[in-house]
Amino acid sequence: MDMASSRVVADHTNNFDLIRLFAALQVAIIHCATHLDVKGAWLDVFAVFPGVPIFFFISGFLIFQSWANICERRAFVFFTNRVLRIFPALYFCVGLSAASLFLSGFLPLAELAQSRFWVWLLSQVTAFQFFNPSFLRDYGVGVVNGSLWTISVELQFYLLTPLLFLLMARGKLVFFAAIGLFFVLNVVNTYLTPGSSVPQKIFSVSFLPWFGMFMVGAYFSASPKLRARVIEIPWALLIGVYLVVHFIVVWGGVKYGNGIDPLSYFVLAAIVLKAAFYRPTFAGALLRRNDISYGVYIFHMPIVNFLIYFGLQGFVGFWIAIFGTVVFALISWFLVEKPALRLKKVALRSMG
């Protein structure tokens, strides 16, 4: 099948918004618990279904669908809509993060006259959110908002989506070979020493170790027959296989990046896909088309760092962080994100 020569059938009714919210909460809960010194066996349950790989799969599915259905010949509209989805809330978050540095007393107001502060701020509002200057490393966990590294990766995904569409036109064999290559790079990244050198750091925040996850989502998006077969797989079989593979990997002491090994990722992708179209009206009825998942993801670490700076940790700090994260996510959604999304030239909201 020449997948790139035909339009992808859009799935307007699905549970992706709810799954994204689960993924964002998973990341927030694990980060809050880890950095605020909260322990418990219940955290191991959350760790079994890592949020970032889920985000990358959903992004591949929905972004490829958006390009194929609406913007194949309207690249400006596609990229404008991506900017409207990412940057308004990001600017709000970065502004609050910068303010917290001064309100906490960590930075004096005189820092506003220093070029290093503005270089850092510029990196956060463009495409270099992974930049972490030395003058901020004594604040909180040492990174003002470490979760934002995925924004840099996601922006690279957007730029590569048109090329991915062309690659898919070359046939399944070429596409699968490319997926395999990117998962090899994911394994390579796992066994590199994080941050030991600038090239390794740049490699880890490039698309190279993560693009395979995005491509799997894109392939499912373009393959309705395969998608239908996966959706028909019984829940017990999917969950059972996933848990068995996951615990074998854990028992074997295999290292893996961002919470999942490549083999488990394929099973997780199938679980996410089935969940997205199992009782597909459930998310719409529950969330009423409100999506605070992005806000939950980007706001939790600035709150955690603020609490750590004042020594507020343990369960009290944990629940303050979770509550504060949800509050700021709601404010961001209703006052920033939702108004920004109304500016889209073409309504892509149901597709991501």
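G212 is buried, with a relative accessible area of 1%; buried means under 20% relative accessible area, exposed over 50%, and partly exposed in between, using a 1.4 Å probe and protein chains only. The model is a predicted one, in which local features need pLDDT of at least 70 and side-chain atom pairs count only at pLDDT 80 or more, while totals for chains, interfaces and linings use all residues. Residues are numbered from 1 along each chain as its sequence is written, and side-chain values use heavy atoms, with hydrogens and water left out.

G212 lies in helix α9. Helices here are DSSP runs (H or I, at least four residues), as are strands (E, at least two), numbered from the N terminus. Leaving out residues up to four places away in sequence, G212 touches I179, F182 and F183, where contact means heavy atoms within 4.5 Å. G212 and P262 are 50 residues apart along the chain, and their C-alpha atoms are separated by 9.3 Å.

Helix α9 (residues 211-221) also meets helix α3 (residues 51-69): their axes come within 7 Å and cross at roughly 45°. That makes α3 oblique to α9. Axes are lines fitted to C-alpha atoms, for helices over the stretch in contact, and angles run from 0 to 180 degrees between N-to-C directions. Angles under 35 degrees count as roughly parallel, over 145 as roughly antiparallel, 65 to 115 as roughly perpendicular, and the rest as oblique. The crossing of α3 and α9 is right-handed. A crossing is right-handed if the near helix is turned clockwise from the far one by less than a right angle, and left-handed if anticlockwise.

Which residues of α3 and α9 make the contact? On the α3 side they include F56, F57, F61 and F64, and on the α9 side they include M213, F214 and F220. Sorted by class, the contact of α3 with α9 has eleven nonpolar, five polar and no charged residues. In this sorting, Ala, Val, Leu, Ile, Met, Phe, Trp, Tyr, Cys and Pro count as nonpolar, Asp, Glu, Lys and Arg as charged, and the others, Gly among them, as polar.

By class, the contact of α11 with α12 has twelve nonpolar, two polar and one charged residues.

Next come the charged pairs. How many salt bridges does the structure hold? There are six salt bridges, a salt bridge being a side-chain nitrogen of Lys or Arg within 4 Å of a carboxyl oxygen of Asp or Glu. One of them joins D291 and R85, with the closest N and O atoms 3.4 Å apart. D291 lies in the loop between α13 (282-287) and α14 (293-309) and R85 in helix α4 (residues 75-103), so this pair ties together parts that are 206 residues apart in sequence. D291 and R85 are both buried.

R85 forms a salt bridge with E337 as well, and there the closest N and O atoms are 3.0 Å apart. This pair links R85 in helix α4 to E337 in helix α15 (residues 314-341), distant parts of the chain that are 252 residues apart. Both R85 and E337 are buried. D17, R20, R85, D291 and E337 are linked in a network of salt bridges.

Another salt bridge joins K39 and D37, with the closest N and O atoms 2.6 Å apart. Is K39 buried or exposed? K39 counts as exposed because its relative accessibility is 64%. D37 is found in the loop between α1 (16-35) and α2 (42-47), and its phi is near 60°, a positive value in a residue other than glycine. R289 also has a positive phi, of about 65°, although it is not a glycine. R289 sits in the loop between α13 and α14, and R289 counts as exposed because its relative accessibility is 52%.

Helix α4 also holds S97. S97 counts as buried because its relative accessibility is 3%. Not counting residues up to four places away in sequence, S97 touches V144 and P302.
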